[in-house]
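I opened my notebook to look through one structure, step by step.

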Amino acid sequence: MVLDPERRTGQGGDRGRRPHDLASEAFGDGLPVPLATVRAAWRAVVQRVVVPGEQHSPVPVAADERAERAWDLAERAADGRTQATVLPRRMRRIDQRLTAYGVPWNVPGIAQFDRGPASPEPVTAKGLTTRTLVGVLAGASEVNGPTMASFVRAFLPPGAASPIASWMEYPESAVRDPADVTDGAGLRLIPDGDIRQHLLRVIDAATPEQLRAAWRAAADMREWALAECAAVEAELDSGALGQATLRWMLGAALGMPRYFVREVLRDRRWSTDTRVTNAIVLLEIGAGLQRLRVLVPDAQFELLPQILPPSLHELAVGGHAAPSAGA
């Protein structure tokens, strides 16, 4: 998940035109900006993500105390801030129109792989905010498969089946809990600890080519998501449902495409900060897929083109994913 960073207004100049913004934009345009300057600009975006109250709460040494601190800070922060949007209005409207049209969200060929929610309680906006903040503060130790599954189901149309959520909810199955996928020597699928520190390592380890590829992918992702929405809306308007509707339905079943449409629609104000934030997230997801190849080499990677949006698939398999940063 991506939190909205606390923004500082720079001294002088147009609002929002900080030197870091200009550096990122120039770098993205192919100009010769020093790599240290680009990394500093991207690191600043991560460092502006602050959970209220954490500056006055030292990080304990003991793991159980760190987990308690994460939940305490997250719950307090969720009580005193604007709650995360579970689904943007445009997505909800498309889902409602498709449902009214008679589109089934529980197709038997997909539903047979979903054992149903492990918890009957849906995720609320407050719960979503709390769990997102805990994930930022604690990483894999507090974000296990069932927790991630609750996010996936929260983003679905009502009653939709999700094989992805199901296998994460029931770790006793043949597929391991993603939080437990590790080589025992420090490499983990999901980083443990403060996710911001991990993202800083990802930025520092990325090459100029990888940073620029992620910058392009962030813009491509936005264009793709908006085009997908427009295409399914056009089919609904015409009364002739087709390939766009099918992609929307598959996106719900597969999870990842729908997640990115949600993220794009949440960021209604497209800014340099937003683009850098999305680029960093894409870098990490690409690196996570590379870690998955190492940790679970027999996974069905041939399915990635159907699961991933085009720009992320290109970033992950085209040699531009950031190197794995480990735990």
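**Entry 1: a methionine to start from**

I began with Met-221, which is found in helix H10. Helices here are DSSP runs of H or I with at least four residues, strands are E runs of at least two, and both are numbered from the N terminus. Before going on I noted that this is a predicted model, where local features need pLDDT of at least 70 and side-chain atom pairs count only at pLDDT 80 or more, while totals for chains, interfaces and linings use all residues. I also noted that residues are numbered from 1 along each chain as its sequence is written, and that side-chain values use heavy atoms, with hydrogens and water left out.

Is Met-221 buried or exposed? Met-221 has 4% relative accessibility, so it counts as buried. Buried means under 20% relative accessible area, exposed means over 50%, and partly exposed is in between, for a 1.4 Å probe and protein chains only.

Next I looked up what Met-221 touches, not counting residues up to four places away in sequence: Phe-260, Val-264, Leu-282, Pro-309, Ser-311 and Leu-312. Contact means heavy atoms within 4.5 Å. I also checked Pro-310, which is 89 residues from Met-221 along the chain, with 7.9 Å between their C-alpha atoms.

**Entry 2: the whole chain**

I stepped back and found 15 helices and zero strands. Buried residues make up 49% of the 327 residues in the chain. Among contacts with a separation of 6 or more, 78% join residues 24 or more positions apart.

**Entry 3: the nonpolar cores**

Which residues touch the most other members of the largest nonpolar core? I found Trp-42 and Trp-248, in a core of 63 residues. A nonpolar core is a set of buried Ala, Val, Leu, Ile, Met, Phe, Trp, Tyr and Cys residues joined through side-chain atoms within 4.5 Å. Helix H10 (residues 208-238) gives the largest share of this core, 12 residues. Another core, of 13 residues, lies apart from it and includes Met-148, Val-152, Ala-165 and Leu-187.

I then followed Trp-42. Leaving aside neighbours within four places in sequence, its contacts include Ser-24, Ile-203, Ala-214 and Leu-283.

Two of these partners got their own checks. Ile-203 lies in helix H9 (residues 195-205), and at 0% relative accessibility Ile-203 counts as buried. Ile-203 is 165 residues from Val-38 in sequence, yet the two are 9.5 Å apart in space, C-alpha to C-alpha. Ala-214 is in helix H10, and its relative accessibility of 0% also counts as buried. With neighbours within four places set aside, Ala-214 is in contact with Trp-42, Ala-279, Leu-282, Leu-283 and Leu-315.

**Entry 4: H1 against H2**

At what angle do H1 and H2 pack? Helix H1 (residues 19-28) and helix H2 (residues 35-47) pack at about 125°, with axes 9 Å apart. Axes are lines fitted to C-alpha atoms, for helices over the stretch in contact, and angles run from 0 to 180 degrees between N-to-C directions. H1 and H2 are therefore oblique to each other. Angles under 35 degrees count as roughly parallel, over 145 as roughly antiparallel, 65 to 115 as roughly perpendicular and the rest as oblique.

The contact is made by His-20, Ala-23, Ser-24 and Phe-27 of H1, and by Thr-37, Val-38, Ala-40, Ala-41, Trp-42 and Ala-44 of H2. I sorted these residues into seven nonpolar, three polar and no charged. Ala, Val, Leu, Ile, Met, Phe, Trp, Tyr, Cys and Pro count as nonpolar, Asp, Glu, Lys and Arg as charged, and the others, Gly among them, as polar.

**Entry 5: H11 against H12**

The axes of helix H11 (residues 243-254) and helix H12 (residues 256-266) come within 5 Å and cross at roughly 105°. That makes H11 roughly perpendicular to H12. Trp-248, Gly-251, Ala-252 and Leu-254 in H11 meet Met-256, Pro-257, Arg-258 and Val-261 in H12.

**Entry 6: an enclosed helix**

Why is helix H7 (residues 145-154) largely enclosed by the rest of the structure? I found nine of its 10 residues buried, so H7 is largely enclosed. Helix H6 (125-138) and helix H8 (163-169) are among what covers the buried residues of H7.
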